[in-house]
Amino acid sequence: MSIQIVSESTENGAYRIGRSAIPVNRENDDNLFVPGPQFYLPAGDTLERISWAVSENLPVLLVGETGVGKTLAVRHLAHMTNNGFRRVNLNGMTTVDEFVGKLMINQQGTYWVNGILIEAMEAGDWLLIDEINACLPEIAFCLHSLLDDDRMIVLSEYDGRIVRPHPNFRLFASMNPHENRRYGGTKPLNEALLDRFPVTMQMEYLPFEVEVEVTMHQSGNTDQALVERMVRVANDVREAMKNEKIYSTFSTRRLTDWARMAAQFDPMEAAASTIFSKVNSFDAKVIEDIFDNHF
Ligand SMILES: Nc1ncnc2c1ncn2[C@@H]1O[C@H](COP(=O)(O)OP(=O)(O)O)[C@@H](O)[C@H]1O
Ligand SMILES: [Mg+2]
């Protein structure tokens with residue numbers, strides 16, 4: 001199988017990937033929220049489609065297992081286009097006060113403090129909302145109005161002030177597939193909220209060859225034959241998880257941790273500290289069998 005790595009370029013003030021183009025934001029040279037360079041291999045058309053949504057000013061929902069590269073894709077795009085990138089996790093701990101803002105009181109009276117959303121909207125930065133499926137109902141309600149056609153937030157607690165996003169503001173959200181039993185606490189994303197994301201992308205783990213390359217690059221392990229065996233283990237573990245045999249998955253990050261340590265230790269020894277220490281004893285048994293098939 002040959003993997004298509006899509007070519008990217010930045011010329012004449014625009015970032016181009018496949019059929020999509022986004023102007024490079026030159027107003028942002030002093031913006032500390034602009035990410036630095038990322039090691040990202042644009043495999044498949046994920047980034048091209050996300051870029052298209054950005055150029056059309058459409059919010060994007062990224063759906064995929066932990067570690068498939070949802071955050072990295074958006075961070076990389078923000079770097080390439082010189083846009084500010086912020087993140088918030090709505091795993092139920094983030095309150096509407098932190099997300100939208102709150103009224104505070106001092107001797108002079110009351111004053112308003114912007115939350116993460118309003119900050120990003122006014123600054124014209126990109127905001128990635130992680131675990132959007134776990135958000136509180138008040139927050140979902142507030143996102144509805146932002147995602148509706150009128151694209152605004154009314155700060156009802158604060159004199160009813162209306163906030164409209166800066167033209168460079170973009171909204172991204174991510175979630176794990178909700179049919180998945182492992183992520184306790186997350187509810188299926190409210191249909192009404194889901195419907196308001198005009199572009200929804202399902203993301204999968206990297207293709208074999210690309211994952212080998214990424215793992216070698218990130219871990220510094222140069223033994224390609226060994227890393228290939230490790231990626232095969234990872235893919236079998238993912239398959240077992242998909243078939244509901246185990247609860248644990250196997251991210252590229254975990255693979256990198258393993259490969260880094262296996263540059264110095266025996267692969268099984270390295271796995272003890274980088275893989276088996278992170279899974280329950282039932283899953284460990286199944287994963288051990290998978291190991292035995294490859295090592
Ligand atoms: N296309 C890619 N190019 C390079 N590395 C990738 C790519 N996709 C995933 N990765 C690797 O996967 C890791 C996890 O990505 P991350 O964006 O944090 O996942 P998610 O947000 O989906 O949980 C990255 O740090 C990187 O090692
Ligand atoms: Mg992420």
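Modeller: Residues count from 1 along each chain as its sequence is written, while chains are lettered from A and ligands numbered from 1 in the order written. This is a predicted model, where local features need pLDDT of at least 70 and side-chain atom pairs pLDDT 80 or more, though totals for chains, interfaces and linings use all residues.

Biologist: Which residues come nearest to ligand 1?

Modeller: The ligand has 18 residues around it, each with its C-beta atom, placed from the backbone, within 6 Å. The elements giving two or more residues to this shell are α2, α7 (208–219) and α9 (252–262). Coming nearest are Gly69, Lys70, Thr71, Leu72 and Thr252.

Biologist: Which strands are at the edges of the open sheet of five strands?

Modeller: Strands (E, at least two residues) and helices (H or I, at least four) are DSSP runs numbered from the N terminus, and two strands pair if DSSP finds at least two bridges between them. The sheet has the order β5-β8-β11-β4-β12, with parallel pairing. Pairing on one side only, the edge strands are β5 (85–89) and β12 (199–202).
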